[in-house]
Amino acid sequence: MRTTLQYGLALIWLASGTPVYANPLPDTGQLHEHPDWLTLLHYQKNRYTNGYTSQADDDAFFLSDDGKHSPESELRTTLAAISAPGEGDGHARCRFPARDRWLREQLALPETDIECPEYDDWKTTLNTETVTLVFAASYLNSPSSMFGHTFIRLDPPQDDDEADLLLANTISYAADAAAHDSEILFAYKGIFGGYPGITSIKPYYEMVRLYSDIEHRDLWEYQLNLTQDEVDFMLAHAWELRDINFDYYFFDENCAYRLLALIDVARPGTDLLDEVSTHAIPSDTVRWVVDKELVQEVKYRPSAATSVTHSLNTLPGDHQTLASAVANGYVAVDSQEVNRLPDRERAHLLDATYDYVRYQSEADAWPREHAAPLSHALLRTRSQIRDVAAADKPPEPEVRDDQGHDTFRFSVGGGRMGERNFSQLTLRPAYHDVLDPPAGYRSGAQLQFLRLDARYYTDNDELQMEQIVGVEIRSLSPRTPFFSPLSWQVGFGGRRTDTETDRVFTPYLEGGAGGSWMLGAKMQAFALATVDLEIDNDLNKGYDAAPGADLGLLHQNNRFSLMAGVKTKAWIVGNQHRQDQLYTRAGWHLGRDFSLFGEFTREDHYDRYRTTWQLGLHAYF
Amino acid sequence: MKKLIAGAILLGASSMAFAQPGCGVGAMIWKGQSGIAPHVLAATTNGTFGNQTFGMTTGTLGCQTNQSVQSMAMYMDSNIDKVARDMSRGSGENLDTLAVLLGVDEADRDSFRQILQDNFATIFPNSETTSGEAVDAIVALLEKDQILSKYVAA
């Protein structure tokens with residue numbers, strides 16, 4: 001009945017606009033439940049009721065008034081609209097070219113030509129033959145970038161070497177934050193919603209500048225094996241998405257999610273969105289795309305930071321010292337020490353020094369009065385050395401980010417605390433701990449979200465929540481003669497804390513800052529000053545705070561990771577006391593999916609010594 | 001390739017005012033990135049700041065009538081540091097991009113790279129050089145060259 005009514009209404013609408021129009025519309029049957037249609041309109045099954053809701057949060061995306069909730073009504077209205085005569089940018093066929101093409105194929109409607117000046121121009125300008133998914137990896141001193149970012153690059157035909165990919169266009173989807181919002185507000189709205197998500201098109205060189213030069217993130221380029229037809233369909237759908245708002249949610253409906261939807265549209269049946277459960281971490285989404293055999297070729301584009309580190313490291317030792325002296329202004333560019341070098345070595349010295357000066361100017365805010373004249377002198381001198389190519393680019397890492405361990409970790413273990421035996425279960429939805437298999441991750445970087453540790457004590461059959469990590473970020477970036485990054489950590493959550501008589505569960509906030517130094521190829525030593533804050537009724541004054549220190553060693557390799565050190569905290573608010581700890585934690589990596597772990601701590605707290613140890617297995621999904 | 005050039009022109013025209021010969025100064029070299037340092041949480045949540053547009057509008061650019069030179073000017077405006085670097089080395093992808101934008105044939109690429117490297121000090125006379133001045137200097141240089149002058153003809 002309802003269907004007939006709508007059908008009738010559509011016809012009336014058609015008839016009123018175009019009295020001469022006579023052909024009846026074909027019967028669409030159950031076509032509105034076709035997966036391709038649901039994908040094209042971004043419909044998702046409702047969680048609690050029957051029916052569908054589109055994720056598009058924008059009336060302009062629908063032709064039917066109840067299009068957001070009714071695939072059927074939207075299909076009928078669309079069919080009527082694309083069957084109406086007329087042309088030009090405002091016509092439904094020009095606004096929704098992908099829907100138009102799909103319906104025509106499904107219903108075997110005649111393929112009449114239509115002029116859409118804006119859309120046709122846009123397509124011609126983009127001139128796309130292949131599509132590349134670009135993944136911006138995390139950068140070392142910002143574990144917060146660990147989630148990565150993805151966008152799509154539209155590659156022009158590569159029939160000759162002249163086509164330059166820096167000029168290719170990119171499509172990305174991101175939260176459109178107001179520039180004046182604070183970091184806190186950004187975090188809140190980013191995670192819980194509140195920002196509109198927008199699709200934008202920019203040339204690749206601007207993305208390279210942002211991610212590679214400013215944020216120091218390596219880029220991985222995954223060229224997809226989409227056919228020309230699939231690429232055209234993706235673009236037609238991208239056109240439909242222009243200026244359409246999809247509310248942005250950091251964990252699930254984020255940048256990566258919308259791109260998956262775009263790939264699903266391009267190749268029906270791919271169903272990448274089905275892989276998304278609670279969250280879509282960009283690096284995980286890249287894994288799915290690889291697993292679905294959508295990738296033809298992978299290329300690596302090192303960031304400015306990776307390149308400068310490589311070019312400095314490949315200089316001979318005494319040239320490294322010279323480069324540092326020139327960069328800091330102790331030795332002039334045209335000094336005897338530089339000039340006496342043979343052309344090739346001098347060129348590479350000048351190149352590395354220039355890259356370093358540029359890096360420091362941007363990352364460390366070297367004053368322009370020093371950096372600009374020096375940069376100019378370096379380049380002018382370099383330009384007089386002919387026929388010496390720049391040194392080799394940094395090699396591609398052996399393990400790509402998408403080849404690292406999966407980010408969801410489930411652990412089971414058993415151990416002993418003092419005189420009590422326990423078994424422990426841990427769930428960690430994301431992301432990486434320094435003792436997890438390091439391949440594909442930045443060494444010394446750690447980011448954990450929503451980790452739950454539950455313990456079952458066997459002596460009195462007691463189940464206890466041992467710890468809930470809300471967020472934990474740690475960055476141990478080694479200092480070198482050229483770079484002096486800060487090592488730091490921050491975290492909050494709830495944990496068991498000793499009140500001398502009991503172990504109570506208390507919210508905590510912790511942070512720390514310090515330095516880290518390489519002791520060998522895979523070993524670093526770190527020293528951090530720390531602060532802890534705990535707030536709970538069971539504490540003497542309702543809260544307690546402790547300045548402290550954490551000194552340790554960290555070794556990471558693909559088979560084995562180890563961290564050992566001492567921590568000391570001086571609790572200064574309640575009953576003042578010291579808490580000293582000696583700790584060792586290790587992981588033995590069994591490939592990419594499993595890791596055995598062991599932990600040992602010896603603690604002196606309230607003038608009591610206590611030993612805790614635990615052994616177990618991590619599995620990564 | 002022609003289409004690609006057109007693409008670069010269109011995109012730039014929509015998003016920024018840029019340097020062209022006689023039409024403004026453009027970006028100063030080594031000006032730094034002040035003000036656009038990444039927000040920690042913006043990086044985390046993959047947000048973006050500032051106005052972004054999806055559509056690409058065609059703009060009338062005026063001034064220089066050679067579209068290729070306009071495109072080069074636009075590219076130089078946002079990549080001047082890297083162009084200068086590649087120019088001093090006589091090779092690199094940013095130099096290749098300039099060649100693509102100017103439509104320099106494969107056969108002429110070597111002399112194109114060489115003339116820019118040899119004349120680095122003319123194109124970037126000091127550390128206050130702007131992209132507009134550099135473009136002017138490149139055009140003047142190429143115009144004097146028998147083979148390369150055809151790529152910058154108005």
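Guide: Three residues form the hairpin that joins β18(A) to β19(A). This is a predicted model, in which local features need pLDDT of at least 70, side-chain atom pairs count only at pLDDT 80 or more, and totals for chains, interfaces and linings use all residues. Residues are numbered from 1 along each chain as its sequence is written, while chains are lettered from A and ligands numbered from 1 in the order in which they are written.

Strand β18 covers residues 543-556 of chain A, and strand β19 covers residues 560-571 of chain A. Helices (H or I, at least four residues) and strands (E, at least two) are DSSP runs, numbered from the N terminus. β18(A) and β19(A) pair in the antiparallel sense over nine bridges; two strands pair if DSSP finds at least two bridges between them. Within this pairing, His555(A) stands opposite Leu562(A) in β19(A). β18(A) is also joined to strand β17 (residues 523-535) of chain A, by 13 bridges, and β17(A) and β18(A) run antiparallel. There, Ala529(A) stands opposite Ala549(A) in β18(A).

A nonpolar core is a set of buried Ala, Val, Leu, Ile, Met, Phe, Trp, Tyr and Cys residues joined through C-beta atoms within 7 Å. A residue is buried if 20 or more other C-beta atoms lie within 10 Å of its own, exposed if 12 or fewer, and partly exposed in between, with C-beta atoms placed from the backbone. The largest nonpolar core has 141 residues, of which Leu133(A), Met234(A), Leu259(A), Leu262(A) and Met72(B) touch the most other members. A second, separate core has eight residues, including Leu435(A), Leu476(A), Phe526(A) and Leu554(A). In soluble globular proteins, nonpolar side chains tend to be buried together.

Further along chain A, Leu582(A) lies in strand β20 (residues 577-590). Leu582(A) is partly exposed, with 14 other C-beta atoms within 10 Å. Beyond its neighbours within four places in sequence, Leu582(A) is in contact with Val566(A), Thr601(A) and Arg602(A); two residues are in contact if their C-beta atoms, placed from the backbone, lie within 7 Å. The C-alpha atoms of Leu582(A) and Ser54(A) are separated by 54 Å, and these residues are 528 residues apart along the chain.

Leaving aside neighbours within four places in sequence, Leu259(A) is in contact with Leu133(A), Thr150(A), Ile152(A) and Tyr173(A). Strand β3 (residues 130-136) of chain A pairs with strand β7 (residues 219-224) of chain A in the antiparallel sense over five bridges, and the bridge partner of Val134(A) in β7(A) is Glu221(A). β7(A) pairs in turn with strand β9 (residues 295-301) of chain A, again in the antiparallel sense, over six bridges. Trp220(A) has Tyr300(A) as its bridge partner in β9(A).

Helix α12 (residues 304-313) of chain A has eight of its ten residues buried, so it is largely enclosed by the rest of the structure. Its buried residues pack against α8 (204-214), α13 (317-327) and α15 (343-363) of chain A.

Between the chains, the axes of helix α16 (residues 368-383) of chain A and helix α3 (residues 67-89) of chain B come within 7 Å and cross at roughly 30°. Axes are lines fitted to C-alpha atoms, for helices over the stretch in contact, and angles run from 0 to 180 degrees between N-to-C directions. α16(A) and α3(B) are therefore roughly parallel to each other; angles under 35 degrees count as roughly parallel, over 145 as roughly antiparallel, 65 to 115 as roughly perpendicular and the rest as oblique. Leu379(A), Arg382(A) and Ser383(A) in α16(A) meet Ala84(B), Arg85(B), Met87(B), Ser88(B) and Arg89(B) in α3(B).

As for the setting, chain A has 16 helices and 22 strands, and its C-alpha trace spans about 95 × 80 × 45 Å along its principal axes. Of its 621 residues, 42% count as buried. Chain B has seven helices and one strand, and buried residues make up 51% of its 154 residues.
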